[in-house]
Structures are given as C-alpha cells and as structure tokens.
Amino acid sequence: MEDKNRKKIAVLFGGCSSEYEVSLQSAYAVITHMDVARYEPVLIGIDREGRWYLYQGDVAKIPGDNWYSEEECIPVAASPDKGLHGIILLKQQGIETISLDGALPILHGKNGEDGTVQGVLELAEIPLIGCGTMSSAICMDKETAHRLAKECGVKVPKSYTFSWEGIDWGQVGRRGMELGYPLFVKPLRAGSSFGITKVDQPKDLQGAIEHAFEYDSQVILEEMVDGFEVGCAVLGTNELIVGAVDEIELSEGFFDYTEKYTLKSSNIHVPARISPEKAKEVQEAAKAIYRGLGCSHFARVDMFLTPDGELYFNEVNTIPGFTSHSRYPNMMKAAGVSFQELLTRLLEL
C-alpha cells in the first residue's frame with residue numbers, strides 16, 4: 001500500500017554530458033542513502049542522447065551503466081501543466097502522470113549543471129533541490145563567475161576568453177605571453193577538468209586550445225596561481241552551514257579528471273592543513289561567493305591559497321560529486337554531518 005506521507009522525490013541521473021559516468025556513481029550513492037521511510041525516490045535516467053526515462057529496475061544496475069532496458073524504462077517528460085508539478089509517462093497504452101514533491105538533479109557538467117535542466121524543472125514548477133537556473137548558468141561560465149566573485153571581494157586569476165569563430169592566433173599568443181607561463185587552457189563551460197591543459201611553453205598553446213574547443217565553443221586562458229587548492233562545502237539558502245575546509249595535495253601536474261577519481265598522485269586532506277584562522281577565512285569567503293553567485297541548497301566553492309596566505313577564486317560546483325570518496329560529503333562528514341543526514345537536510349530544504 002502506498003504511503004501517502006512519503007514525499008516523491010525525483011532523482012535525475014546520467015545526462016547528455018562528458019560526465020555521464022560520474023553522475024551514475026553519484027546518483028547511486030544518493031539513492032542508496034535516502035531515508036526511504038520519509039522519501040520515495042522516483043528515478044529518472046537520462047541517456048547519452050538526452051532522452052528521459054522513468055527507471056523501474058534494480059538500483060544496483062545504475063553505477064555500471066546497465067540501467068537501460070525497454071522492459072524497465074518508460075519514456076517521460078516534464079509536464080507543462082504547472083498544476084501537476086510533475087512528469088508525464090509516455091506509455092504505449094496511453095499517458096499517465098506523476099506529481100512530484102521535489103527533484104534532485106545529480107547531473108554533472110553540460111546539459112545538467114548549467115541551468116538547462118533546472119530551467120525545465122522550474123517551468124514545470126517542480127520544486128528544485130539545488131541551485132536555480134540563473135545561478136547554475138552563472139557558475140558554469142568561468143568568466144562570469146570570476147567577475148562576480150571579484151565583486152564579492154575575492155581575488156581572481158587574470159584570464160582571457162575567446163571563441164573559435166574568427167580566432168586570431170597572433171592575439172591569442174600575445175595574451176598568453178601577457179598572462180605568463182605556465183598557464184591553463186580551459187573550456188569556458190565544462191566540469192570535472194574535461195578539456196583542461198596546463199601549458200608550460202608557448203609552442204604547446206595551440207594544441208591545448210584545439211583540445212579545449214572539443215568541449216565548448218569558447219575557451220579561457222587563465223594564469224596559474226602559485227599555491228594549492230582548498231574547498232568549502234556550503235549547505236542552505238538563508239542560514240548557511242559550512243563543512244570543514246579540505247586541501248588538495250598534488251605531487252605532480254594538476255587535479256585533472258583522472259586524479260579526481262583515482263587519487264593516483266594526490267591526496268585530499270580533510271580538514272586542510274591550515275590554521276583555524278585561515279580555515280575560517282576560507283569559509284567566510286566561500287559563503288560570500290555562494291551568496292554573491294545566487295547559490296541555493298548546496299554547492300562546493302573552490303579556491304587557491306597562495307604561499308603568502310592570499311585567497312583566489314577558482315570555481316563553484318553547483319552539483320558536486322556525491323560518490324563515497326567525493327569532497328563535498330567528506331567535508332560535511334568532518335563537520336559532523338553524516339551522508340544520510342546531509343541528504344535529509346537537503347530534501348527538507
């Protein structure tokens with residue numbers, strides 16, 4: 001018998017993104033830690049082509065990307081009926097609907113973390129758990145996020161943004177020299193370090209730029225900040241809760257996609273090996289950025305800490321990883337908030 005008191009929460013996973021596999025891992029952790037006595041998960045899988053399905057199979061099939069089958073998946077779409085605030089099931093025998101109490105997108109990168117899915121949910125008036133459409137789009141755009149972070153009083157790396165159309169390689173080369181080497185070449189709107197290259201000398205710049213353009217139509221050159229990365233998990237909308245500050249220790253290169261999910265040559269220290277006073281400064285800067293960029297419910301704010309003790313903004317992850325070794329839940333855990341409690345607080349927001 002259906003429990004009318006349980007809230008129906010849609011968990012969106014997969015997505016038309018280069019971070020599809022990461023989403024599957026994160027979503028599996030979220031689904032298996034939800035308090036099912038209070039919440040009924042409605043699983044919406046999005047395949048690599050962007051098709052939405054109501055998944056009714058075994059949750060254990062999700063992390064290995066074995067979730068899709070015609071028998072266990074029903075095509076769905078967000079309903080344009082604002083009174084329903086739910087989804088439409090496109091069954092062969094006809095249309096059915098499901099009203100939702102909320103939707104938690106566990107989607108990383110483009111077409112999931114950039115405001116597109118958030119816009120669909122907001123149009124359908126499905127209560128969104130996470131950053132809204134505008135905030136998601138702003139945080140995904142590195143140049144815009146840097147400008148707003150600077151307005152919040154936090155230093156930002158010098159940078160130069162350009163498009164592929166009409167590219168002036170001479171101008172790009174001059175800007176690279178002005179920024180100085182080594183520098184970073186990044187797609188303007190991508191996550192998990194996809195398409196990012198650390199360039200040590202001018203002769204390698206063009207190849208790095210062409211690689212970055214495989215992930216976005218705009219690319220940003222960014223000066224390398226001497227220091228190490230620190231992060232801060234933020235939870236809430238009005239009254240904010242912050243996790244313990246973490247620190248990424250690198251032995252070589254930079255914190256690229258491989259390092260983020262294997263930690264072969266790096267370590268993450270929680271809490272960071274910095275003074276309590278400096279950790280407090282990181283947390284206050286993170287809250288200022290979180291508010292300044294219009295974030296809500298949860299996000300992870302990443303910064304660089306220089307040898308002189310100065311903070312530089314790096315980025316905001318509006319849907320940070322939720323795997324067992326992801327930074328956000330581990331920062332909250334170090335602050336005394338367990339994974340299940342974290343999810344409950346999020347869903348109650």
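Q: How many cavities of 30 Å³ or more does the count come to?
A: This is a predicted model, where local features need pLDDT of at least 70, side-chain atom pairs count only at pLDDT 80 or more, and totals for chains, interfaces and linings use all residues. Residues are numbered from 1 along each chain as its sequence is written, and side-chain values use heavy atoms, with hydrogens and water left out. On a 1 Å grid over the protein atoms alone, a cavity is a set of points where a 1.4 Å probe fits but cannot get out. With a cut-off of 30 Å³ or more, the number of cavities is 3.

Q: Which element gives the most to the lining of the second largest cavity?
A: This cavity has a volume of about 90 Å³, a volume being the space filled by probe spheres set on the points, which are joined across faces, edges and corners. Its lining has 10 residues, where lining means an atom within 4 Å of a point. The top contributor, with 3 residues, is E17.

Q: Why does H5 count as roughly perpendicular to H6?
A: Axes are lines fitted to C-alpha atoms, for helices over the stretch in contact, and angles run from 0 to 180 degrees between N-to-C directions. Angles under 35 degrees count as roughly parallel, over 145 as roughly antiparallel, 65 to 115 as roughly perpendicular and the rest as oblique. Helix H5 (residues 169-179) and helix H6 (residues 205-212) have axes 11 Å apart and pack at an angle of about 110 degrees. That makes H5, relative to H6, roughly perpendicular.

Q: Which residues of H6 make the contact with H5?
A: Contact means heavy atoms within 4.5 Å. H5 brings Trp169, Val172 and Gly173, and the H6 side is made by Leu205, Gln206, Ile209 and Glu210.

Q: Where is proline 182 found?
A: Most peptide bonds are trans. The bond from tyrosine 181 to proline 182 is cis, with omega near 0 degrees. Proline 182 sits in the loop between H5 and strand E9 (183-187).

Q: Is aspartate 65 buried or partly exposed?
A: Aspartate 65 is not a glycine, yet has a positive phi of about 60 degrees. Buried means under 20% relative accessible area, exposed over 50%, partly exposed in between (1.4 Å probe, protein chains only). With a relative accessible area of 32%, aspartate 65 is partly exposed.

How values were computed: Helices (H or I, at least four residues) and strands (E, at least two) are DSSP runs, numbered from the N terminus. On a 1 Å grid over the protein atoms alone, a cavity is a set of points where a 1.4 Å probe fits but cannot get out, and a pocket is an open set with protein on both sides within 12 Å along at least five of seven lines; lining residues have an atom within 4 Å of a point.
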